[in-house]
Amino acid sequence: MHEIGDPYFTEIASGVLRVGARQGLTVQICHTGRDPDNELAQVRTLIANRVRAILIAGSGFVDARAQAAVKKELQAFQASGGRVAVIGRHHLGTDAVLPDNTAGGRTITEHVLSLGHRRIAFAAGPPALTTVADRLAGAGQALGEAGLTLDDVPVVEAAFTREGGFHATWRILEEHPDVTAVIALNDDMAIGVLSALRARGIAVPGEMSVAGFDDVAVAEHLSPALTTVRLPMTEMGEQALLLALKPQSSRPRRRSTAHTLVVRESTAPPRE
């Protein structure tokens, strides 16, 4: 996984560990830092250690070439009897649990639009990640129904982290001071957005609405509590390991998740 300190991956890991405990398995967690070369090195190490199964959690890359070397290693691993499953959209040709990213991006954007916001900014992670691309695609669908496009609103790219959300917000405030709502493409970024607004003395949601994506455990305990899209992250981890424990099939299996809009105190109609 990319980073165990990110609460998204913490909750996925808890699902994997839960199933592992029931099955009497030892689970090893490796960090890739969203670096394809590091991911390749980790996969090779796991294969050399003769693990039974490999799970890859988190976004793939829009450009399939970024994971071509990992795909080759995993194909050889599976040919020798190993099992692989992924969480997220990857170009690896394996069993996969697919978060409802596009539909969720549409849902959270529809919610902010329904409140009356039209001057919306997005705090987005790197566009090379399929998770970012899919969530933005859903946002674009919602904007289109409101007569807008993604080209009409600021989409500020930063690290897909809390620090990235903080820096993206600083840029939004400096370059787009008329914005009335910020949609962060994950909750970790949204926490950074709230921190930046607090540092600037901007009231949420009185002066700026903020929404996130994932519904990590801390989201409801923030001040204000975060409006977000809930993904079943623990269940996603469970499903991934259960897929990996099944006998290999002739074609990759897919398990899609649902999503739920969770409206809390961080969003409100724009101030007149």
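Predicted model: local features only at pLDDT ≥ 70, side-chain atom pairs only at ≥ 80, totals over all residues.
View 1. Residues are numbered from 1 along each chain as its sequence is written, and side-chain values use heavy atoms, without hydrogens and water. Strand 4 (residues 120-124) and strand 6 (residues 181-184) are parallel and share four bridges. Strands (E, at least two residues) and helices (H or I, at least four) are DSSP runs, numbered from the N terminus. Pairing requires at least two DSSP bridges between two strands.

**View 2. Strand 4 runs parallel to strand 5 (residues 155-157).** Three bridges join the two. Alanine 123 stands opposite valine 156 of strand 5. From strand 4, the chain passes through helix 5 (residues 130-145) to strand 5 in a right-handed β-α-β crossover. Right-handed means that, with the strands pointing away from the viewer, the path from the first strand over the helix to the second runs clockwise.

**View 3. Strand 4 is mostly covered.** Five of its five residues are buried (under 20% relative accessible area; exposed is over 50%, partly exposed in between; 1.4 Å probe, protein chains only). Ile120, Phe122 and Ala124 point one way. Ala121 and Ala123 point the other way.

**View 4. Isoleucine 29 lies in the loop between helix 1 (7-23) and helix 2 (36-48).** Isoleucine 29 is partly exposed, at 36% relative accessible area.
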